[in-house]
Structures are given as C-alpha cells and as structure tokens.
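Please consult the sequence and coordinates shown here before reading the notes.

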Amino acid sequence: MTYVAPSLLAADFSALGAELKKVREAEILHIDIMDGNFVPNLTMGPQVVKALRGKTDQEFDLHLMLRHPLQYVPIFREAGADWITFHIECDDDPRTVLASIEASGAKPGIAIKPGTPAEELFPFGEQLHHVTVMTVEPGFGGQKLQEWPLKKVRTLKAHFPNLLIEVDGGINLENAHIVREAGTDVLIAGTAVFTAKDPEQAIQLLRGEPV
Ligand code: DX5
Ligand code: ZN
C-alpha cells in the first residue's frame with residue numbers, strides 16, 4: 001500500500017480550510033514547520049496546526065525543520081500532531097527528542113537531508129515509526145527531485161523492514177513511479193497535488209492507482 005501525504009506548503013494559505021477539502025482522499029497531511037534558522041524560510045506555528053485540527057480527522061505529520069525541535073514537541077503535540085518528524089541534523093540530542101516524542105504519544109520519525117547517509121539512522125531504527133528521506137534540500141516547495149537519495153530507501157528497508165519510509169521533495173506525476181519502485185511507503189507531494197486541476201485524481205495517480 002502506497003500512501004500520499006499532501007504537503008500543505010503548496011496550498012493557498014488564504015483559504016487553508018477550503019484547501020483541506022481538496023485532499024480528503026489522502027490519509028495523511030504533511031505540515032512543514034520552518035524556523036528561519038535550520039532552513040532559510042518561515043512557515044506555520046502551532047496556532048495554524050490547531051486551527052486545522054478541528055477541520056479533519058486525517059493524520060497530521062509535522063515535519064519540523066527546526067534547529068531546536070525539543071522544546072516544541074509538546075507544543076505541536078498539543079496542537080494536534082499525530083506524527084512528529086525532526087531532522088537528525090538539528091542541534092538537539094536525537095535520543096532526547098525521540099524520548100520526548102514518545103512521551104507525548106505521537107509517532108516518532110527522523111528526516112535526513114539529501115547529503116546525510118542512511119547509516120546515521122541505524123542506531124534509532126527500532127525506535128522509529130517512520131523516516132523521511134529528503135530528495136531536495138529542505139526549505140522550499142517546488143524544487144526538482146534528486147534521484148540519488150532514493151538508494152537510501154532501499155538501504156533502510158533492508159535493515160528495518162517494518163519502518164515506514166517517506167520521501168519528500170519534488171515528487172510529481174512523472175517521477176512518482178521511480179519513488180514507488182524504490183520501496184517508498186509514503187509519497188509527500190505539495191506542488192503536484194495542490195496545483196493539480198483535480199487534486200483527488202493527482203493523489204490516486206501518485207499512488208499508482210488506475211483512474
Ligand atoms: C521542503 C518540504 C516539502 C515540500 C514539498 O522543505 O519539506 O515537504 O513542501 O513540496 P514539493 O512537493 O512542492 O516539492
Ligand atoms: Zn516536508
């Protein structure tokens with residue numbers, strides 16, 4: 001089963017409630033949280049997550065692109081996060097952040113930038129619900145997918161067969177099959193879903209379903 005998690009970053013921020021209705025087909029919603037420090041961009045805070053929480057039962061996967069995620073774990077959990085994903089490249093101790101996510105009751109995940117080897121996740125594999133393999137440098141939507149990080153999906157699957165693997169960045173209708181064939185469980189897609197004429201159909205096509 002392949003899942004698609006639409007990334008809200010590509011939605012119309014003047015009408016987020018209405019945008020959510022376009023992607024009811026998806027089981028998971030990907031929400032990018034950026035601090036203007038770990039990445040050179042700023043996005044949403046907990047108020048926005050909380051406001052959206054009341055609008056849908058979909059799982060919220062919060063992708064924390066924060067230099068210091070630890071202090072925000074309980075805040076985003078309280079706001080409605082189901083999955084909490086932080087970067088291995090952050091400045092907090094990964095074990096402490098993981099313990100905090102576990103204590104909050106959210107599903108823990110770690111993201112890796114394109115240049116970070118999969119092996120860096122090996123010590124944490126058994127504790128994780130998911131990992132996020134980035135195929136673009138984090139910070140902005142609408143970038144071009146780099147194929148070479150996809151080999152990390154196979155490496156991680158081989159070591160941790162039960163781990164959910166997400167791929168994030170530049171996935172579109174043309175390249176989605178390459179991402180699926182790599183063994184990816186969750187395709188995260190912003191631009192390809194929210195700029196589609198028919199977002200529900202785009203989600204089905206990204207999953208590889210006939211429409
Ligand atoms: C980039 C974000 C991605 C981004 C994906 O830092 O983590 O989730 O929104 O957007 P597209 O699909 O447009 O590359
Ligand atoms: Zn993301």
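In this predicted model, the zinc ion (ligand 2) is coordinated at 2.1 to 2.2 Å by H30 (NE2), D32 (OD), H63 (ND1) and D168 (OD). Donors are N, O and S atoms within 2.8 Å of the metal (3.2 Å for Na, K and Ca); water is not among the atoms, so sites may look incomplete.

**Zinc site**
- The arrangement is octahedral because the six donor atoms around the zinc ion (ligand 2) subtend angles of 71 to 169°; for six donors this label requires opposite donors over 155 degrees apart and all others between 65 and 115.
- The donor residues follow the sequence spacing H-x1-D-x30-H-x104-D.

**Sheet**
- An open sheet of eight strands (E runs of at least two residues in DSSP) has the order β1-β8-β7-β6-β5-β4-β3-β2, with parallel pairing (at least two DSSP bridges between two strands).
- Its edge strands are β1 (3–6) and β2 (28–34).
- Strands β7 (residues 164–168) and β8 (residues 186–189) are joined by three bridges, and D168 has I188 in β8 as its bridge partner.

**Ligand 1**
- Among the 19 residues around ligand 1 (a heavy atom within 4 Å), S7, G139, D168, G190 and T191 come nearest.
- Oxygen atoms of ligand 1 lie 2.8 Å from a polar side-chain atom of S7, 2.8 Å from a polar backbone atom of G170 and 2.4 Å from a side-chain N or O atom of T191.

**Conventions**
- Residues are numbered from 1 along each chain as its sequence is written, chains are lettered from A and ligands numbered from 1 in the order in which they are written.
- Local features need pLDDT of at least 70, side-chain atom pairs count only at pLDDT 80 or more, and totals for chains, interfaces and linings use all residues, while side-chain values use heavy atoms, leaving out hydrogens and water.

Terms used. Four donors count as tetrahedral if all angles lie between 85 and 135 degrees; four count as square planar and six as octahedral if opposite donors are over 155 degrees apart and all others between 65 and 115; anything else is irregular. Helices (H or I, at least four residues) and strands (E, at least two) are DSSP runs, numbered from the N terminus. A polar contact is a pair of N or O atoms within 3.5 Å; within protein, one must be able to donate a hydrogen and the other to accept it, and residues adjacent in sequence count only if both atoms are side-chain atoms.
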